[in-house]
Amino acid sequence: MNELVGYRRPDGRFGIRNYVLILSTVGCANETVKRIADQVDGAVAIPNQKGCGQVGDSMEILRRTMAGFAANPNVYGTIVVGLGCETNKPQVIAERIRSLTNKPLEVMTIQAIGGTVKTIEAGIKLAQTMVAAGRRVELSKGSLSEITLATNCGGSDATSGLSPNPALGLCSDRLIQAGGTVILGETTELIGTEHILASRAKDTATGERILELVQGLETTFAAMGLSVRGANPTPGNMAGGLSTLEEKSLGGISKLGSSMINQVVRYGEMPTQKGAIIMDTPGYDIESVSAMVAGGAQVCVFTTGRGNPIGNAIIPMIKITGNGDTAQTMADNIDLDLSGILNASLSLKEGGQLIYDRLITTCMGELTKSEINGFKEIAIYRNNEVWCCNLDAEEV
Amino acid sequence: MSLLFSLGNQPFILLAADMKQAIALNERDTVCTVLDAVEAGETIEVLRDGQVIQHLEVKEAVPKYFKVTLVAQSEDDEVIKYGEIIGQLNHDVQIGDLIHVDALRSIKV
């Protein structure tokens with residue numbers, strides 16, 4: 001059954017949730033954005049970690065990702081809120097959004113309106129109107145072939161590669177067979193597996209891009225005199241039984257399934273191909289999932305060993321674990337317990353079916369624990385951050 | 001597993017816990033992952049696809065979800081899990097040794 005019911009957007013894309021974004025262009029506008037969203041049910045605040053004092057390609061990453069948030073099919077419309085003097089100009093963001101989608105869009109600037117109190121008031125009225133319009137959109141039919149699934153692992157331990165990740169891979173295979181798209185990211189966690197992934201690429205150019213992606217990252221770390229090993233595997237990974245990055249990576253790539261890999265995209269970039277996609281994202285989960293949201297993912301399956309509670313402001317996060325202890329102790333944050341795979345009471349195939357079924361019911365409106373908890377994390381990756389000389393820095 | 005025997009005139013039932021298990025996913029793997037904490041000297045059964053492929057005696061205490069080697073290997077030998085190389089050994093190991101960050105080093109980074 002490949003039919004879903006959801007929201008058909010004027011740009012043709014299909015969404016499974018119906019948010020109005022209050023999108024901040026700079027840290028200075030965050031408090032204003034938060035207060036607007038707090039007062040309007042159906043509006044969600046998207047704060048900005050910076051937006052000013054950023055240089056180089058980190059500004060391009062910021063603009064691309066913010067525009068991607070607004071274009072995400074789970075979004076009915078967006079109100080951009082800025083200060084007025086920031087590097088990340090609200091009008092430039094608006095134009096960038098317009099280049100991706102024709103959905104409802106408003107822009108407000110605190111300095112032009114005259115202070116935060118007036119901006120909050122005007123913002124609340126705009127948001128109320130937009131949310132009301134969004135609620136009048138009739139539900140439409142859509143199909144699994146229009147779904148992009150974000151995949152991520154967080155708080156991994158040795159159970160991750162033995163149960164939830166390979167089971168998710170089976171679900172990914174089925175979604176791709178139905179014409180859908182699955183994104184694998186976290187580039188540091190591809191290290192050690194790039195030759196395997198490249199051999200599954202649809203053509204030589206894509207295979208070379210995979211190698212370029214992973215080897216490029218290793219070279220960057222080396223040039224900075226940093227050890228990837230310092231950050232990955234994490235202390236939690238190691239306490240959970242993972243010994244090397246390769247071991248973690250091999251256990252992680254199974255999330256993507258066994259399909260041919262059709263494209264490698266940049267952080268926050270929308271793929272132009274369907275099927276299995278690799279996106280360049282950091283290992284830091286909030287930034288990684290946020291990139292895939294900008295890339296058009298409407299839903300995420302997130303595997304965890306040690307237990308991770310995060311949600312996302314725009315998409316539902318389905319949390320699955322193969323660690324039976326975690327499924328019990330952190331039941332408030334876990335949606336699906338797959339520990340049965342480890343004691344052979346559940347086959348990998350049955351596990352994959354459970355995830356697939358849960359994916360469909362989530363698309364049809366079933367709330368995940370992260371949604372029930374009201375967790376709305378979202379963050380955009382920044383590079384090129386060298387603003388201090390870092391006096392008296394110690395070697396880590 | 002249980003044993004029934006007699007001590008003097010009294011029947012005795014000795015209940016032994018079911019043997020602890022470990023998983024080795026791929027037939028090329030040189031390590032298995034234990035599904036429960038194991039004490040030094042305990043014998044475990046190693047499963048692949050639900051079938052028991054090997055028994056081994058664990059040489060030292062192994063925390064839950066950590067790895068134990070299935071074969072004896074020498075320093076600098078490659079350790080295989082998921083059918084692929086996950087690192088190289090820092091010293092010789094015998095069957096049943098714990099394999100974690102002291103014994104195993106990354107090749108890639």
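Modeller: The buried residues of α11(A) are covered by elements of chain A that include α2 (57-71), β8 (148-154), β9 (181-184), β11, β12 (299-304) and β13 (317-321). Cover here rests on contact, meaning heavy atoms within 4.5 Å. Helices (H or I, at least four residues) and strands (E, at least two) are DSSP runs, numbered from the N terminus.

This is a predicted model, where local features need pLDDT of at least 70, side-chain atom pairs count only at pLDDT 80 or more, and totals for chains, interfaces and linings use all residues; side-chain values use heavy atoms, with hydrogens and water left out. Residues are numbered from 1 along each chain as its sequence is written, while chains are lettered from A and ligands numbered from 1 in the order in which they are written.

Back to the helix. In α11 (residues 285-294) of chain A, 10 of the 10 residues are buried, so the helix is largely enclosed by the rest of the structure. Buried means under 20% relative accessible area, exposed means over 50%, and partly exposed lies in between (1.4 Å probe, protein chains only). The buried set includes charged side chains, A:D285 and A:E287. It also holds A:I286, A:V289, A:M292 and A:V293, among others. Just after α11(A), A:G296 takes a positive phi of about 105°.

Another helix of chain A has a buried residue to check. A:N237 sits in α9 (residues 235-239) of chain A. A:N237 counts as buried, at 2% relative accessibility. A polar atom of the A:N237 side chain lies 2.8 Å from the backbone oxygen of A:S156. Setting aside neighbours within four places in sequence, A:N237 is in contact with A:G155, A:S156, A:N232, A:L242 and A:K248.

Now the rings. Over all chains the structure holds 1 aromatic pair. Rings of Phe, Tyr and Trp (its six-membered ring) pair if their centres lie within 6.5 Å; planes under 30 degrees apart are stacked, over 60 edge-to-face, and the rest tilted. The ring centres of A:Y267 and A:Y381 are 5.7 Å apart and the planes are at 45°, so this pair is tilted. The pair links distant parts of the chain, 114 residues apart: A:Y267 is in the loop between β10 (261-265) and β11 (275-279) of chain A, and A:Y381 is in the segment after α14 (369-372) of chain A. A:Y267 is buried at 4% relative accessible area, whereas A:Y381 is partly exposed at 29%.

Next, charge pairs. Side chains of opposite charge can pair when their charged atoms come close. A salt bridge here is a side-chain nitrogen of Lys or Arg within 4 Å of a carboxyl oxygen of Asp or Glu. By this rule there are 18 salt bridges over all chains. One of them joins A:K34 and A:D38, at 3.2 Å from N to O. Both residues lie in α1 (residues 30-38) of chain A, 4 residues apart, about one turn of the helix. A:K34 is partly exposed at 43%, and A:D38 is exposed at 54%. A:D41 forms a salt bridge with A:R135, with the closest N and O atoms 3.5 Å apart. This pair spans 94 residues, from the loop between α1 and β4 (43-46) of chain A to helix α5 (residues 116-135) of chain A. A:D41 is exposed at 62%, and A:R135 is exposed at 54%. A:E60, A:R64 and A:R96 are linked in a network of salt bridges.

In chain B, the side chains of B:K20 and B:E42 meet in a salt bridge at 3.1 Å, N to O. B:K20 is in strand β3 (residues 20-23) of chain B and B:E42 is in the loop between β4 (31-34) and β5 (43-48) of chain B, so the pair ties together parts that are 22 residues apart in sequence. B:K20 is partly exposed at 23%, and B:E42 is partly exposed at 22%.

Last, the interface. Here 23 residues of chain B are in contact with 28 residues of chain A. The two chains bury about 2,200 Å² between them, 60% of it on carbon and sulfur atoms. Buried area is the accessible area (1.4 Å probe) that two parts lose on being put together, summed over both. Between chain B and chain A the count is 3 salt bridges. A:E247 forms a salt bridge with B:K67, the closest N and O atoms being 2.9 Å apart. On the side of chain B that touches chain A, β9 (84-89) and β11 (104-105) of chain B are the elements that give two or more residues. β9(B) gives the most, with 4 residues. That side divides into 13 nonpolar, 4 polar and 6 charged residues. Ala, Val, Leu, Ile, Met, Phe, Trp, Tyr, Cys and Pro count as nonpolar, Asp, Glu, Lys and Arg as charged, and the others, Gly among them, as polar.

Technical notes
A polar contact is a pair of N or O atoms within 3.5 Å; within protein, one must be able to donate a hydrogen and the other to accept it, and residues adjacent in sequence count only if both atoms are side-chain atoms.
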